[in-house]
Amino acid sequence: MKFLRRLFFLLSLCLPLVAHAASLKIEIVGVKDKALLENIEAGLSIKQQQDYALSSPLRLRYLHEKAPKDIRKALEPFGYYNVAIDSSIQESNNNWVVRYAITLGAPVKVKAVDIQILGEGANDRAFNRLYRRLPLKAGMTLNHKTYQASRQQLLQMAADRGYFDANLTRHEIIVSPEENEAEIYLYLDTGNRYYLGDVTFAQDILDDDFLARFVRFAPGDPYHVNRVLDLQRALYGSEYFAQVDVRPQIEAAENNIVPIRVDLTPNKRNKYGLGVGFGTDTGFRGTLGWERRWVNRRGHHTRTSARVSQIGYLFSSNYIIPGKKPQTDSYEFSASQSEEDVNPYDNQLTQFSASKIFQTDTWQHTYSITPQYEDFTIADQHDQTFYLIPSAHWTRYFGRERFSITRDHGSRLGVEVRGGSDYALSETNFAQAQAQYKMVQPFTKRNRFIYTTLIGGTLVEDFDDLSPTLRFFTGGDQLLRGYDYKSIGSTNADGDVIGGKYVYTNSFEIDQLVYKQWGVAVFYDIGTATNDFSESFKNGVGGGIRWRSPVGPVRLDVARGLDSGGSYQVYVSIGPDL
């Protein structure tokens, strides 16, 4: 009989509801917090029944009786251990309604937090800094997610800093529901720290001595994952290799020294580029490029390019020798031939240059010596000049990674000085300096303010001896919108633009994201290039469309110059904001 009663009960769970119940409605009241409500619904077994046909009233009542347990379990991670639940179930015309009225009560407060770092890591100040940042504090509302995140942070830091034998010897939350209090214990025994060992490279295209210059740590330095990742990024960024796999050989460690193996797959030796495009300042243009990624086993490489547009051409070739820190330092030798035919002038320029490029903690430095010959016509002046120009250029970026195509915050400062002397082969004595600053500052997640300023000045004995490339002009999509490219400068007695000794421009722009990756912009530009600041400044206003494309920001602007020489101008540009 006992067996038959059990069999009858099991069969009854499988019997269809009488007349097939039409629906199941679940009402949860008393909880307004979205996170709490979502967790309750995710853990509520009867909630899952709504997605299936109701199988039997006994099954439904079983899930209903189980629901208070499900609800309490769902609320405990948020610190609610004294929850009162009033549940009810009703049926009318085969439509079922279950209702759970929840009184949360006061959440459990953390009475004490005991976090201990044991082993060699006890003397590692990084753990002390992490300890101060952890959100686990006495007096806080108990939250299991916060506890789990803190626990994971401790273990992650141990792994990142080379404590590969670390383990949590005590990790628990002790809750006293009657007192509405909890105690948290996290004891991390780090064990001994591991250290970086020798680096071996598996490749056959470059000398290992050269590749060793990419390594910015020495054998015996304390292990840190960032040092390993920096090596991987540097090698991949060099473009010598298509694949880079940097693997700490932890299982092969001896005396806590971890050897590093780097498996490298060579890139294609030659890289070719072909491009066509349109720029408002240059018109239609085409570009051919060829890069020899490595010339020899010491990592030397070359770049050659040809660019032709409606206003001129540029042919250039560069030979690059990696420096002591190949990822940031180099020596470059270049030669170029160009011609530019714009409204103020027509010139042909031949340049040779030798440069040293390196980076300190915050600045990129470029020091060059450039002999140049220029044949030019500007206004009624036709001349040929030769200059030997030493120059220095410094660039600093502030904020996030400058190549991010969705960049919405940061700034860039560039400063350049250059000069020449008639005692050192130059046509005349001159000294020139200029600085450009650009800032991208968000107001909210959907709009931002972009500010750009350029200021420059020249000391020169005879302005007429300066070739066009050593004079300042402004106008165009990069400097002062609403005016033709390089159309702004001082004028001669006939009213022809001849450029200036000084330049000063400001640009103010507000971008607003409208739909997905599409936005609009309004802007105001003001500035001049002049020999005399008593001349009035030029003003331009306009607006445009912005698209955050997969290959970078695309801008389409319409601007109008408000002063003489101004007109309606359309500009198209693409590339990072900084």
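**Charged pairs and patches in a predicted model**

Trainee: In which helix is arginine 129 found?

Mentor: The model is predicted: local features need pLDDT of at least 70, side-chain atom pairs count only at pLDDT 80 or more, and totals for chains, interfaces and linings use all residues. Residues are numbered from 1 along each chain as its sequence is written, and side-chain values use heavy atoms, with hydrogens and water left out. Helices (H or I, at least four residues) and strands (E, at least two) are DSSP runs numbered from the N terminus. Arginine 129 is found in helix α5, residues 125-133.

Trainee: Which residues form the positive surface patch with Arg129?

Mentor: A patch takes residues with over 30% relative accessible area and no salt bridge, joining like charges within 9 Å and nonpolar side chains (Val, Leu, Ile, Met, Phe, Trp, Tyr) within 5 Å. Lys and Arg count as positive, Asp and Glu as negative, while His and the chain ends are not counted. Arginine 129 has a relative accessible area of 41% and is partly exposed, where buried means under 20%, exposed over 50% and partly exposed in between (1.4 Å probe, protein chains only). The positive patch is formed by Arg129 together with Arg125, Arg132 and Arg133.

Trainee: How many salt bridges does the structure hold?

Mentor: Side chains of opposite charge can pair when their charged atoms come close. A salt bridge is a side-chain nitrogen of Lys or Arg within 4 Å of a carboxyl oxygen of Asp or Glu. The number held by the structure is 23.

Trainee: How far apart are the closest N and O atoms of lysine 66 and aspartate 70?

Mentor: Both residues belong to helix α4 (residues 57-75), and because they are four residues apart, about one helical turn separates them. Lysine 66 is partly exposed at 28% relative accessible area, whereas aspartate 70 is buried at 8%. They form a salt bridge, and the closest N and O atoms are apart by 2.8 Å.

Trainee: What is the relative accessible area of aspartate 263, the salt-bridge partner of arginine 247?

Mentor: The closest N and O atoms of arginine 247 and aspartate 263 are 2.5 Å apart. This pair links distant parts of the chain, with arginine 247 in strand β8 (residues 241-248) and aspartate 263 in strand β9 (residues 257-266), 16 residues apart. Arginine 247 counts as partly exposed at 35% relative accessibility. Aspartate 263 is buried, and its relative accessible area is 18%.

Trainee: How many residues apart in sequence are the parts tied together by arginine 448 and aspartate 577?

Mentor: Arginine 448 forms a salt bridge with aspartate 577, the closest N and O atoms lying 2.9 Å apart. Arginine 448 lies in strand β20 (residues 447-460) and aspartate 577 in the segment after β27 (568-574), so the pair ties together parts separated in sequence by 129 residues.

Trainee: Over how many bridges do β20 and β23 pair?

Mentor: Two strands pair if DSSP finds at least two bridges between them. Ten of the 14 residues of β20 are buried, so this strand is largely enclosed by the rest of the structure. β20 pairs with β19 (residues 430-442) in the antiparallel sense over 13 bridges. With strand β23 (residues 502-515), β20 also pairs in the antiparallel sense, and the number of bridges is eleven.

Trainee: Which residues gather with Asp464 in the patch of negative charge?

Mentor: Aspartate 464 lies in the loop between β20 and β21 (490-491). At 41% relative accessibility, aspartate 464 counts as partly exposed. In the surface patch of negative charge, Asp464 gathers with Asp422, Glu461 and Asp462.

Methods
Accessible areas come from the Shrake-Rupley method with a 1.4 Å probe; for residues, only the protein chains shown count as cover. The place of a charge is taken as NZ of Lys, CZ of Arg, CG of Asp or CD of Glu.
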